[in-house]
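Trainee: Could you go through this one with me? I have a few quick things to ask.
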Amino acid sequence: MSHVLAIARRDLAERTSVFIAAAVLAVLPFVLPAVPGVRAFSYTDVVTTVGAIVAIGFTLGLALVLGVTMIGRDLSEKRMSFYFSKPLSASAIWFGKLIAAIVTLVVCFVVLFFPSYLAGTTSWQRSWNLELPVAFAIVGGAALVLLLFGHVFGTMFRSKSPLVALDVALMAGAALAIAAIIRPLLEGFAGDLTTRVAFTLFAALMLILLACGAWQLAHGRADRRQNHYALSRFVWVSLAIVLVVAGLFTAWVVNVSPSDLKTVNVSQPEEGSWSFVFGQAKHRMDYHALFLYDLASGKSMRLHGIRSWFSSGLSRDGRTVAYLQLPDYRAMEGELYTVQPGTSGESVDTQIAVSRYSEFVLSDDGARLAVIDGNGLLTAYELASKKALASVRVPNTARTMRRLFFVSPELLRIYIQSPQFPTMKVAEHGVDIYEFDVRARSLAHTGQLRTDAKHLGLAVSADGKRALMVADRDSSATARIVDARTGQLIAEAPAEGLMHTTLLADGSIATLKKDASMQWTLNTGGKQIPVGKSTQLFFARELAGGRLVLNGASNLVVVDYVHGAVLRTDFDSAMTSFSYPQWYAADPRRSVADASQPLAVHQKGVLYAMQPLSGEKKEMFRF
Amino acid sequence: MNHAETPAIRIDGMTVRYGRRVAVDTASLTVPRGSVYALLGRNGAGKSSLVRCALGQQRATSGNTEVLGEDSWKHRTRLMERIGVVAEDADAPPEMRVQQLADFCASLYSRFDTKAFDARLDRFGIAKQTRFGDLSKGQKKQVSLALALATTPELIVLDDPTLGLDVVARKSLFDEVIAELADRGTTVFLTTHDLTGVEHIADRVAIMNDGRIVLEEELETLKARFRRIRFAAQPVALDAASFRTALVRNWGAGTEAIVSNYDDLAFERLRSNATIQSADVSAMSLEEIFIAVAGEKQ
Amino acid sequence: MFDINPTDAAPIWRQIEEGMRRMITLGALKPGDTVPSVRDLAQQLRVNPNTVARAYQRLTEHGVFAVRRGEGTFVADEPSQPKRSERNEVLRDASNRYASAAISVGATIGDAVDELNTSYDRLVREHRRKA
């Protein structure tokens, strides 16, 4: 230790000119206000601002210079033998010089900063928002980085060895490796985790650099090239070890299965047994994962992306899923990927760039995809060839909701529903209906609907022929059944608000109504069917054969609306959280599910696949 | 370990390569304790590389080096406590004053004889407040020597200590070394071009040529076996008497031969047997021997 | 006191030994006189102290020098001359060389003897002057 201090003292004795320069510069902020042009500003403001700038600038510049010369100057002037011919260990030499450099930086900063800071305390705090300790930590950190990087780059480049090209290549490699380690975390919404990993990597790098000099001098001694080689070996091997560990960590983080999730969100599309399972992973801070989960078999497929809020992403034949892959969770744009759930196939990059808030739909057979963006630009793609078939601009304003579906692979129907928010002028509510012929590339305005109500909901029947428009006026709501293509009125009926009105497969309207004692009644085609007591009840699914699944907060009711009977009621379990997509999903069509398809149901932290008719529950996983 | 038995320096098969250039080629030498060992060689022969590796300042490409019984690369830090080094290039920081240098060194070694150091500086006539960079080349060497000796080392290594010194400075440097030898029996290992100066004090010499040690022996034996023989006529019979000639060349009207395995009796026998009438044998100075061994090929 | 000749065939310690003997013979050093310390003579002659020590040791062994404990080295009270056999050996070696040199330049024995006389006288005078 005493040797370390002896060397530190020795180096500091050589730095008197630096301290003198700092002392002289410390006077500058006090003298500057005398310069004409500067006089206009408040004296203390100038003093403290200039003083802070000079202090930081000088310290950071000095840090870089010291980094390069600390060992570098003795090496290039062949004066290292002065130390090596004495009983001084390589560590003593390195740490002695390092301490001297740090002390020099601290003293210079203090000498430059505090006189002007004390000259006008309040004005300084006014002009800078950071707290003093935080500011010092940042400046100190930057100075340390410059010092150590200056040393590393100085050693590598000043040795004039051709192997420096290898160092540069490894630097690029390390940068790529770090990006590869961080990226999967960002893709998984793990902002906090990423920050922590990045900070740990930075700290590890600083530790490596703090130690590198001791190793370098122990192995390179008085020879400049050998110093370079020893430094490179130490830095790259240590960094490789750190990156491998970090890589293994990221690999572990990314490797989740549905049972590793807590706070799970299971979203079941209206067709098929595949659900989207999304949740925060246990023990992985804020890392989230998305899966396609088959309620029938328990198989899961990991999707490295997000599902769109508005687009269900599942083709009607249940065989193709489309989802969005974002470069990181804050990105607004990404690329669409498709995957065939249940097969061993990998996700395919469609190379279609889509914004997070665009709507997209798959054709029923999953062969084609249509995207409509916020500006009304509609494009139809063929997935197999990844070709854009046709494009057209649909009349659109910023406040409209765009919904569309493939009537056939060659024909798209588009509903432009305005406004999206009910604060617009009442006179402007309505829906404009268009059809787009993909082959002919022609857009036709086929119909429109108008209403003066504040809230408007549109749903299309499963066969695409009829549409239901619900106009909600707060006190009352009316429902209109219209032609899905032309908007021509077919029938009108009272409704129970957007949340409790739906369109059945047979083209009729069904409503749910609650009385004062929380007893609910299902009203279909004139039939009134009591469906039990519940705090809340919503239309969840229509099953083939004239049955409805109604979902409450923690209960489930299956009703045969043709025969007007409640088939089963389940208390204590309910379908997993799902939004009510019928009013805003990109595809406005209702679906009819097969009665044998299981429902995703949760009870006491367990996900079950429940047969709607028999009520049989199979435990899938716990969360 | 018996101190008297382990050599001060033992180099075994040292090779030093810089890329493709071989600076030291499988060099081996042994410096006995208490001896004065001179390593001679022309410029670029590889002496400095050998010394640097011996002192653990550089890593040899291959070979073993033991100094005072310990591996000089692995144990450099604790070995330097026992070794004094006077480098070829003065390497102390130029702004450092001589007094500061002394204080710095005193803080690093367990033994530092300040009185002896001051006395030496006095003898050299150097003021303690002078900055190292302001000293002449010779004075820098003198200060380095004073510092090296003040730590009472068991071995001192001097790399070309008289380079750049005038006659007076050279004498005073040797004076100090001799006094040290007499007082403490320190082992001395030096490289030099000053063959006349070293001729008087070296016990053993080694000659290095193109990275190889071409000769290593006691100085006395070396001088005993080299002779210059001048003939008025052709020296036809030399080979017959199995004399090894290092050099044969014309000299005036006759011939001059440098013999490297001279023996008085053998030569007398030759003279009485052969037809050569006149031959003049003279001993050679170390410088002349060196030129014969390491000089340019005639 | 005397010079060391590096091109002399004789090794340095032998030259020192002979030089000391010469000085005693010539009376430059008298019995009982102090002899320079190893250190001083080494510095004076600019030679390795070991070499001086070796010469001194031989001189002490042959009874030419005497070491008094605590007081240093002195010329012995009765400095023994080299043994007859030793002396003969030295003379034989030197005379061989001299005779060879004389024959090789074609000198007669008379010339050789004359030269020998002249050298002997001159050396004695020189050493007396130096001491």
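Trainee: Which residue is the bridge partner of Leu378(A) in strand 11 of chain A?
Mentor: Bearing in mind that this is a predicted model, the bridge partner of Leu378(A) in strand 11 of chain A is Val392(A).
Trainee: And how many bridges join strand 10 to strand 11 there?
Mentor: Strand 10 of chain A, residues 377-382, is joined to strand 11 of chain A by 6 bridges, and the two strands run antiparallel.
Trainee: What sheet do they sit in, and in what order?
Mentor: They belong to an open sheet of 4 strands in chain A, ordered 8-9-10-11 with antiparallel pairing. Strand 8 (359-362) and strand 11 (387-393) of chain A are the edge strands, and because each has a single partner strand, one side of each is left without a neighbour in the sheet. On average, and ignoring direction, neighbouring strands of this sheet are turned by 15° against each other.
Trainee: Switching topic, how many residues does each chain give to the contact?
Mentor: Chain B contributes 20 residues and chain A contributes 19 residues. On the side of chain B that touches chain A, the elements giving two or more residues are helix 2 (76-79) and helix 3 (98-108) of chain B. That side of chain B has 9 nonpolar, 7 charged and 4 polar residues.
Trainee: What about chain B overall, how many helices and strands?
Mentor: Chain B has 10 helices and 14 strands, and its C-alpha trace spans about 70 × 40 × 40 Å along its principal axes. Of the 298 residues in chain B, 43% are buried.

Methods:
Residues numbered from 1 in each chain as written. Chains lettered and ligands numbered in written order. Predicted model: local features only at pLDDT ≥ 70, side-chain atom pairs only at ≥ 80, totals over all residues. Contact = placed C-beta atoms within 7 Å. Nonpolar A, V, L, I, M, F, W, Y, C, P; charged D, E, K, R; others polar. Buried ≥ 20, exposed ≤ 12 C-beta atoms within 10 Å, placed from the backbone. Pairing = 2+ DSSP bridges. Axes fitted to C-alpha atoms, helices over the stretch in contact; angles between N-to-C directions.
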